[in-house]
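This briefing gathers points on strand pairing, chain dimensions and nonpolar packing. Please read it alongside the sequence and the structure displayed here.

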Amino acid sequence: MTVTPSRRTVLQVAATGAAVAALPIGARELAGPPAASAAQPAGTESVVTSVCEMCTVRCPILVRVRDGKVVRIEGNPKEKSTQGAICARGNAGISLLEDPDRVRTPLIRVGKRGEGTFRKASWEEAYRYIADRLKLIRASYGPESLGVGRRPSAGDTFLLTFAKAFGTPNIFNHESSCPLARNVAMHVTFGTAALAVDYSKLDYLVSFGRNHMETLAVPQAQGIVSAVARGARFVYLDPRRTPTSTAATTWLQPRPGTDLAFALAMLQVMISERLYDQDFVKRYTHGFDQLAAAVVEYTPEWASSKTGIPAATIRDVARDFGGARPRAVADPGWFTATYLNDFQLRRAILALNALAGNLEVPGGVFLVKSLLKYGTELGTWKKPAFPAVTAERVDGAGVPGRFPLVPVTDGMCQALPESVLTGKPYPLKAYIAHRFDPLAAVPDQPRMIEALKKLDLLVSVDVYMSDTGAYADVILPECTYLERTDPVIEASGLAPKIRLRQQAVSPQGDARPSWRIYKELAEAVGLGAYFAYRDIDEVVAAQLAPLKLTAAELARSGQWTPPGAKPTYLRKSDPGAPVKLKTASGKIELFSAELAKLGFEPVPRYTAPPEPPRGTFRMIQGKCAVHTNSATQNVPVLHELRPENELWIHPGPAGRLGIQDGDGVAVRAGGAEQRGLAKVTEDILEGTVFTYHGWGRISPGLTRVRGKGIGLNALMPITTCPISGSLVMRETFVEVVKS
Amino acid sequence: MSTPIKIGARHQYALVVDTTRCIGCEACSVACRVENTVPDGHWRSRIVPPTTGGAKVPMKWSCMHCADAPCVRVCPTKATYRRPDGIVVIDDDKCVGCKYCIVACPYGARYFDEKRGVPDKCDLCVDRLEAGLEPACVQTCVGRALALADLADPQDKDAARIRSGEARPLHPELGTKPSVYYVVGK
């Protein structure tokens, strides 16, 4: 609507409220740190700029605080890519904050592992308990017998510092259960995983199962919706009808695991019909001839026999994609722990982008413009040099002859059970899981349970008693993102950008922030020298020092871009402008000598996914828009929105099995069984069943979600891509019966 | 100090829901729930997801702020009334909790708030409007699918979508003259 002048003024003030220091907005005032807000008169509302942590996207937010309580969280309207929007999860932050199920005091286990029986402990006792055992383990087995796992987050640096100071190389995160295949493919092809899509400006998008509207990143979804409203075409491939099918201009339903055939045929058409950007290919790519030779056989007719999609449709998509270049993008994807052929699918997708010549032009793909590209970077607090690590990683990440292409900053979280249970290459004896729940994130849950039981020490640092927490010796309650300030977050895109997550309210109970937890734990282990900061303010100040910026300045609008840094496309005005890529050839590697040397296909070629044996279904999974992985199913408001997952099954096979919509079903694989409810729907292909990830939880501390729905990790084996180290989670076949 | 937006007969508010931009993410549902401290188990606004044979697109569903509202007609104490600016509200002090309005609403937009002892529903975040802010659902919408329109403003682009017939009410045959208008693609 068009607003009256007074209304417009009001809205603008409201929109920039946090930026306009001490300008009263009705009853609201800008708050500095919570110390200041605590001193406010009763009934006064303040707004704290911060960063969401309900998922990993980290949207900028405004937290409204009244009388020391969070009353509302809104998106920060200063951010152009979200315009003040946040998703259901972001809106529900307050529900996490106030959840009675949160762990609010350190807990030490008194029952058997998994029973979830703990006693309350003081922090000092909990630290001493952990430190005594860590010292003993280090003395007996070496520092490398400690493993740490975490969800990547702003507070990572404290756990990483602790692990490196302790002297272990065994640092894991969740990536191998999510985007690792894509990231490794990007490294091999573009020399970096910091490659992003300029969604709002593209004219044509092909998405191979990247379910933007459910696996929700608000800036991406909003960019796509705007592009489509402007007339952009959006072709979406998914065997299941999702909200993204609805948002797309064309939805195609390929047989599961055959997306690679579709992508290869697109390459074939683009090359044979010379639809690609020949100048770009000549100047910026390496190995075009080998790629062209490899895809000759992959005609749309051939791809049609694999995917079940008509050849004419595949040809049309390839031609339209070629016709829309350079503002045509093949989406690199996000969750790529799917099929064994996923790595080569990502390679083929990246090749499509190369043929479109869309690198560093508006509506294409771009290299993230970090602070470093502007000659500066965030500082850090002073600490001694870390001890040299001689032990090899247990997972073989970065190790010649094992998984040389897997970044050591990620590792492979699925390596834990093998190491603990077989002692190969050596056994991990202690594990610290920080906001990371291996039992909920990694397949072969029964074996993971055996491994966790065998550990000498298991520590969970979390907001909840997670499934892994129920098996822990000690649970350390981390406070939520609304109760702590974190290190500065780099959120760069077309221009460098940093954001600050600011504490909005005091921590509940005895919960503590991770900057404090690892500092105090390090002191208990005798590694305090590595944490020689007083508090988080000192850490943030040290980070900002090279930028000549203060925390107060950063907090004013919640985000900051270096003065003069504008959104930059390196090839916008000069299509031949130099673009530095950190590959061996310095170019986009359509052919990879590195892959050839390691014995892998140097150009993408087709391998078919295994087919379900008679009487079984392929089981696929995905995310819903109101939950994040396995982290939010117990958050009260989000739980209400979607309390349970269901098994999606087509009416054809459902009828043959006597299953009606809403019936109980048992899903069986590998001797394990999970029970849930059937959703009989034509929105899934006949031979495939689907369910959302994150249910089948076992922790007694998750009172709402425990025992509800189907847990996929109990059914899937651990299968690992030999190239990327990624888990393979869509090649499990299940029996379904009415229960 | 902020100037409250003018509310009264000079304005005529309506909500435009552009289903071609809605991604069904339920951000609006939760924003509403938190903003209005709606009790556990209840919602003033939800997304009805598309289903085979049903709606083809996600539909935001909340009070339709009908010009000829059955809830207003059946209320024995005039606790539920339509403001001059088109917003249908409830006066807690006048409400006797008879729940006639819950039964009368053909859109199923009301629930009974046990704690307050009154029926509750969307009020277009009237408190926010008076503070010069958009309704919470509009403010948080990921797809920018929601807009507050002022039908009394000839310059209002969103009101123009209603006047042109691009945005249409749900079930006009019920004759209640709703003030929530949906844009549905071809």
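A residue is called buried here if 20 or more other C-beta atoms lie within 10 Å of its own, with C-beta atoms placed from the backbone. The model is predicted, and the points below are grouped by topic.

**An antiparallel sheet in chain A**
- Strand β20 of chain A (residues 498–499) is joined to β21(A) by two bridges in the antiparallel sense, and here Arg499(A) stands opposite Gln559(A) of β21(A).

**Chain B: overall form**
- Chain B contains six helices and 10 strands.
- Its radius of gyration is 16 Å, close to the 16 Å that the globule rule gives for 186 residues, so chain B is as compact as a globular protein of that length.
- Along the principal axes, the C-alpha atoms of chain B fill a box of roughly 45 × 45 × 35 Å.
- Of the 186 residues of chain B, 52% count as buried, and among contacts in this chain with a separation of 6 or more, 59% are between residues 24 or more positions apart.

**A mixed sheet in chain B**
- Four strands of chain B make an open sheet in the order β8-β1-β10-β9, and the pairing is mixed.
- The edge strands of this sheet are β8 (146–150) and β9 (167–169) of chain B, each of which pairs on one side only, while the twist from one strand to the next averages 35 degrees.
- Strands β1 (residues 13–18) and β10 (residues 180–183) of chain B pair in the parallel sense over four bridges, with Val17(B) standing opposite Tyr182(B) in β10(B).

**The largest nonpolar core**
- The largest nonpolar core has 286 residues, of which Ala263(A), Leu264(A), Met266(A), Leu267(A) and Ala27(B) touch the most other members.
- Helix α10 of chain A (residues 259–272) supplies the largest share of this core, 11 residues.
- Apart from its neighbours within four places in sequence, Ala263(A) is in contact with Phe208(A), Leu345(A), Ala348(A), Ile349(A) and Leu352(A).

Terms used: Residues numbered from 1 in each chain as written. Chains lettered and ligands numbered in written order. Predicted model: local features only at pLDDT ≥ 70, side-chain atom pairs only at ≥ 80, totals over all residues. Pairing = 2+ DSSP bridges. Rg over C-alpha atoms; globule rule 2.2 N^0.38 Å. Buried ≥ 20, exposed ≤ 12 C-beta atoms within 10 Å, placed from the backbone. Contact = placed C-beta atoms within 7 Å. Core = buried A, V, L, I, M, F, W, Y, C linked by C-beta atoms within 7 Å. Axes fitted to C-alpha atoms, helices over the stretch in contact; angles between N-to-C directions.
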